[in-house]
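Here is a report on the structure shown below.

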Amino acid sequence: MQIYRDLLEAMPDAIVVGDAAGRIVQVNSQAERLFASSRSALIGEPIEQLLSEPGRAQHAEAVARILAHRRVQGTHATLELNALRRDGREFAARINLAPLEIEMGTCIVCAVRDVSERQRLQQSLHNSRRLKSEFFGHMSHELGTPLNGIIGFAEFLLEGKSGTLNEQQRECLEDILGSGRRLLRLISQIMELARVEAGTLELNAQTFSLRGLIEEACSAAGLTAQNKRVAIHRNLAPGLDAVTLDRERLLQVLDYLLTNAIKFSSEGREIHLSVTAQGDAALCVRIWDSGTVKRSAELEQLFTSYPQADVSAIRRFGGTGLDLVLARRIVEGQNGAFFIESEPGQGSAFTLILPCVITSISAAAGLSAPL
Amino acid sequence: MAQRLPLRILVAEDNAINVKLIKLVLGDLGYRPDIVGNGVEVLAALRRQAYDLLLMDLHMPEMDGIEATRCICREWNKEQRPRIVVLTAALMPQEHRLCLDAGVDELLLKPALRAPLQQMLERCRVPAAAQSNR
């Protein structure tokens with residue numbers, strides 16, 4: 001019996017043991033402290049007096065279920081409800097219930113933990129995430145408004161609406177427009193990140209042809225690729241064609257990954273894009289490049305709060321790493337998985353697995369051709 | 001374009017530079033829009049005369065675009081009110097939904113470039129009076 005007592009005292013949680021009739025038969029000193037009471041006052045009391053009214057029915061139901069299944073190995077229940085101290089104060093508790101067979105019959109062991117601090121932290125974390133998203137949203141709007149003027153006026157002048165332009169004027173205006181568009185893309189990515197983090201990513205599943213999607217993604221990245229003499233080789237698994245998932249989101253992810261791959265490839269290299277089925281309910285997309293080697297520490301950095309740590313890389317490629325952060329978040333937002341591999345001297349590979357409905361596997365051969 | 005598609009346009013925008021730009025681009029297409037600076041002024045203008053198109057910023061002082069849209073939809077039915085197009089620099093999470101629920105017909109992202117603006121104008125209904133005159 002002493003061992004039994006010592007065991008209870010050694011537990012980090014408050015332990016309350018109740019009999020089949022719901023009366024308290026034993027407590028440890030952690031329970032005395034948590035419920036602001038003493039062992040002698042607690043023993044013999046109905047155990048439900050330690051719970052605030054709304055949780056009592058739920059507790060009774062869990063106890064009944066455990067008693068019914070007490071012979072089944074591993075029977076237990078976990079409840080999150082408000083507990084009641086003897087001084088009348090309530091606190092959020094996590095309660096683990098398990099049956100215990102002793103000489104006096106079947107008892108219920110309740111391990112009680114105060115989780116109000118954890119709940120408060122979760123709430124405050126949630127609030128600060130929301131505030132951050134709102135801040136990003138407002139900032140993007142503030143940045144976008146003057147950009148509207150910059151891009152709009154540059155385009156207007158470039159159309160020759162206010163007279164013919166000489167070569168130098170045209171070149172300068174094109175630079176203004178180009179810079180403006182780059183900034184705009186960055187701002188819309190920050191907005192997108194705010195949306196993803198706020199959990200308001202809207203998904204629209206539709207059935208479409210993978211072949212068409214791959215062509216569209218490659219032609220969008222095609223111009224940048226041509227300028228750097230980077231070839232995009234694409235490969236669609238034979239027979240795989242129609243799938244059902246959010247087409248625009250997948251296109252966006254492919255665009256981010258291809259843009260990133262082109263950005264980090266040196267001139268004349270190759271990029272590969274392959275799409276295969278992963279089982280019968282998921283799609284596996286793999287993009288690998290033979291570009292600049294990324295150290296693993298740098299890759300780790302890509303996914304932390306401020307993505308691209310290497311200042312020299314920013315200077316060389318003008319990137320922020322937002323492409324990859326967004327691609328990963330969008331994939332994970334659809335319950336998919338996203339992996340990065342990097343081999344020194346070989347380049348990097350990005351793999352994403354997206355759950356989807358594979359609508360048809362046609363008999364037609366897959367496509368495999370360089371851009 | 002204005003000859004083929006005569007539209008009475010009201011622009012609600014509080015940023016002076018953006019007003020200048022939209023006047024320039026629409027002017028080039030042959031339109032002379034009326035300009036107001038917030039939602040309250042939009043309602044006053046609509047009570048004064050009928051418009052075919054309201055091109056409105058979301059974030060404006062006094063009354064923002066979403067609130068203005070709600071007021072317009074309460075006061076005029078779909079036949080009487082102008083087509084409502086929101087032109088904004090960035091959409092906050094959930095703003096897209098809010099706009100459509102309020103009764104906005106179309107959302108356009110700034111910068112307001114010539115091509116998307118032209119496409120948007122093509123979607124506008126030519127007023128019946130102007131149609132029968134031709």
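## A buried glutamine

Gln334(A) counts as buried, at 12% relative accessibility. Buried here means under 20% relative accessible area; exposed means over 50%, and partly exposed lies in between (1.4 Å probe, protein chains only). Gln334(A) sits in the loop between H11 and strand E11 (337–343) of chain A. Helices (H or I, at least four residues) and strands (E, at least two) are DSSP runs, numbered from the N terminus.

What does Gln334(A) contact, leaving aside neighbours within four places in sequence? The partners are Leu203(A), Leu245(A), Asp246(A), Arg249(A), Leu354(A) and Pro355(A). Contact means heavy atoms within 4.5 Å.

## Basis of the values

This is a predicted model: local features need pLDDT of at least 70, side-chain atom pairs count only at pLDDT 80 or more, and totals for chains, interfaces and linings use all residues. Residues are numbered from 1 along each chain as its sequence is written, chains are lettered from A and ligands numbered from 1 in the order in which they are written, and side-chain values use heavy atoms, with hydrogens and water left out.

## Chain A and its cores

Chain A contains 11 helices and 14 strands. Of its 371 residues, 42% are buried. Take the contacts in chain A between residues at least 6 apart in sequence: 62% of them join residues at least 24 apart.

The largest nonpolar core has 46 residues. Such a core is a set of buried Ala, Val, Leu, Ile, Met, Phe, Trp, Tyr and Cys residues joined through side-chain atoms within 4.5 Å. Leu210(A), Leu250(A), Leu257(A), Val275(A), Leu283(A) and Leu352(A) touch the most other members. Helix H8 (residues 247–263) of chain A gives the most to this core, with 9 residues. A second, separate core has 26 residues, including Ile24(A), Ile47(A), Ala93(A) and Ile95(A).

## Around Leu257(A)

Residues up to four places away in sequence aside, Leu257(A) touches Ile287(A), Leu324(A), Ala327(A), Phe338(A), Phe350(A) and Leu352(A). Is Leu324(A) buried or exposed? Leu324(A) is buried, with a relative accessible area of 0%. In sequence, Leu324(A) and Leu257(A) are 67 residues apart; in space, their C-alpha atoms are 6.7 Å apart.

## Salt bridges

Side chains of opposite charge can pair when their charged atoms come close. A search of the whole structure finds 25 salt bridges over all chains. The rule asks for a side-chain nitrogen of Lys or Arg within 4 Å of a carboxyl oxygen of Asp or Glu.

In chain A, Glu248(A) pairs with Arg247(A), with the closest N and O atoms 4.0 Å apart. Glu248(A) is partly exposed at 48% relative accessibility, whereas Arg247(A) is buried at 14%.

In chain B, Arg4(B) bridges to Glu122(B), the closest N and O atoms being 2.6 Å apart. Arg4(B) lies in the segment before strand E1 (9–12) and Glu122(B) in helix H5 (residues 114–122) of chain B, so this pair ties together parts 118 residues apart in sequence. Arg4(B) is partly exposed, at 46% relative accessibility. Glu122(B) is partly exposed too, at 40%.

Arg8(B) bridges to Asp52(B), with 2.9 Å between the closest N and O atoms. Arg8(B) also precedes E1 of chain B, while Asp52(B) is in the loop between helix H2 (39–48) and strand E3 (53–56), so the pair ties together parts that are 44 residues apart in sequence. Arg8(B) is partly exposed at 38%; Asp52(B) is buried at 10%. Elsewhere, salt bridges that share partners join Arg70(A), Arg71(A) and Glu101(A) into one network.

## The interface

How many residues of each chain meet across the interface? In chain A, 23 residues are in contact with 23 residues of chain B. The buried area is about 2000 Å², of which carbon and sulfur atoms give 70%. That is the accessible area (1.4 Å probe) that two parts lose on being put together, summed over both. In chain A, His141(A), Asn148(A) and Phe153(A) lose the most area to chain B, together 31% of what that side buries.

On the side of chain A that touches chain B, helix H5 (116–158) and helix H6 (167–197) of chain A each supply at least two residues. The largest share, 14 residues, comes from H5(A).
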